[in-house]
Amino acid sequence: QVQLAESGGGLVQAGGSLRLSCAVSGSIFSIDTMGWYRQAPGKKRELVSAVTRGGGTNYADSVKGRFTISRDNAKNTVYLQMNSLKPKDTAVYYCNADIWVVIDFKTNYWGQGTQVTVSS
């Protein structure tokens, strides 16, 4: 069974940093795009950043210059380095991945979410 396990969330003061990790486990063939989404209370889930298998990245305008996404294909892991955190970054952060379970079948998976709280 494929699972996405997130870690690294927590409570931090404004201006601080956190690093999120998401490791994919289970029997898989390969992983395409991996990304991070977030959902604040009362708001829709939004894309924060994504990275392709080849390393291409994109970011939400609100995090450009502060967050950096990266991945280790050998470890099936994606990271999100978050610097200069602001209270408005407070949300549950979810890992997402497009995974080829076998060579001819791809599906999308979500992690369980990790809470990030930034205090002012």
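## Close-up views of a predicted model

**View 1. Arg38 and Asp89 meet in a salt bridge.** Arg38 pairs with Asp89 in a salt bridge, with their closest N and O atoms 3.0 Å apart. A salt bridge here is a side-chain nitrogen of Lys or Arg within 4 Å of a carboxyl oxygen of Asp or Glu. Because Arg38 belongs to strand β4 and Asp89 to the loop between β8 and β9, the pair ties together parts that are 51 residues apart in sequence. Residues are numbered from 1 along each chain as its sequence is written, and side-chain values use heavy atoms, with hydrogens and water left out.

**View 2. Arg38 has another partner, Glu46.** Which residue meets Arg38 in a salt bridge of 2.7 Å, N to O? The partner is Glu46. Arg38 counts as buried at 6% relative accessibility, whereas Glu46 is partly exposed at 36%. The cut-offs are these: buried means under 20% relative accessible area, exposed over 50%, and partly exposed in between (1.4 Å probe, protein chains only). Asp89 is buried, like Arg38. Salt bridges link Arg38, Glu46, Arg66 and Asp89 in a network.

**View 3. Lys64 and Asp61 form a salt bridge.** The closest N and O atoms of Lys64 and Asp61 are 3.1 Å apart. Asp61 is exposed, with a relative accessible area of 64%. How many salt bridges does a search of the whole structure find? It finds 5. In general, side chains of opposite charge can pair when their charged atoms come close.

**View 4. Trp110 takes part in aromatic pairs.** A search of the whole structure finds 2 aromatic pairs. With ring centres 4.9 Å apart and planes at 65 degrees, Tyr37 and Trp110 make an edge-to-face pair. For the terms: rings of Phe, Tyr and Trp (its six-membered ring) pair if their centres lie within 6.5 Å, and planes under 30 degrees apart count as stacked, over 60 as edge-to-face and the rest as tilted. Since Tyr37 lies in strand β4 and Trp110 in strand β10 (residues 105-110), this pair ties together parts that are 73 residues apart in sequence. Tyr37 is partly exposed, with a relative accessible area of 24%, and Trp110 is partly exposed at 38% relative accessibility. Tyr94 and Trp110 also form an edge-to-face pair, 6.4 Å centre to centre with 85 degrees between the planes. Tyr94 lies in strand β9 and Trp110 in strand β10, so the pair ties together parts that are 16 residues apart in sequence. Tyr37, Tyr94 and Trp110 form one aromatic cluster.

**View 5. Two arginines sit over tyrosine rings: Arg45 over Tyr94 and Arg19 over Tyr79.** The charged end of Arg45 is 3.7 Å from the centre of the Tyr94 ring. Is Tyr94 buried or exposed? At 15% relative accessibility, Tyr94 counts as buried. The charged end of Arg19 lies 4.1 Å from the centre of the Tyr79 ring. A charge sits over a ring if NZ of Lys or CZ of Arg is within 6 Å of the ring centre and within 35 degrees of the ring normal.

**View 6. Strand β4 pairs with β5 and with β9.** β4 (residues 30-39) and β9 (residues 91-102) run antiparallel and are joined by 8 bridges. Two strands pair if DSSP finds at least two bridges between them. Trp36 has Cys95 in β9 as its bridge partner. β4 also pairs with β5 (residues 46-51) in the antiparallel sense, over 5 bridges, and here Gly35 has Ala50 as its bridge partner. β4 and β5 form a hairpin with 6 residues between them, and Gly42 in the turn has a positive phi of about 75 degrees.

**View 7. β7 and β8 form a hairpin.** β7 and β8 (residues 77-82) pair in the antiparallel sense over 6 bridges. In β8, Gln81 is the bridge partner of Thr68, and Val78 is that of Arg71. The hairpin has 4 residues between its strands, and Asn76 in the turn has a positive phi of about 50 degrees. β7 (residues 67-72) has a covered face of Phe67, Ile69 and Arg71 and an uncovered one of Thr68, Ser70 and Asp72.

Key:
Predicted model: local features only at pLDDT ≥ 70, side-chain atom pairs only at ≥ 80, totals over all residues. Helix = DSSP H or I, 4+ residues; strand = E, 2+ residues; numbered from the N terminus.
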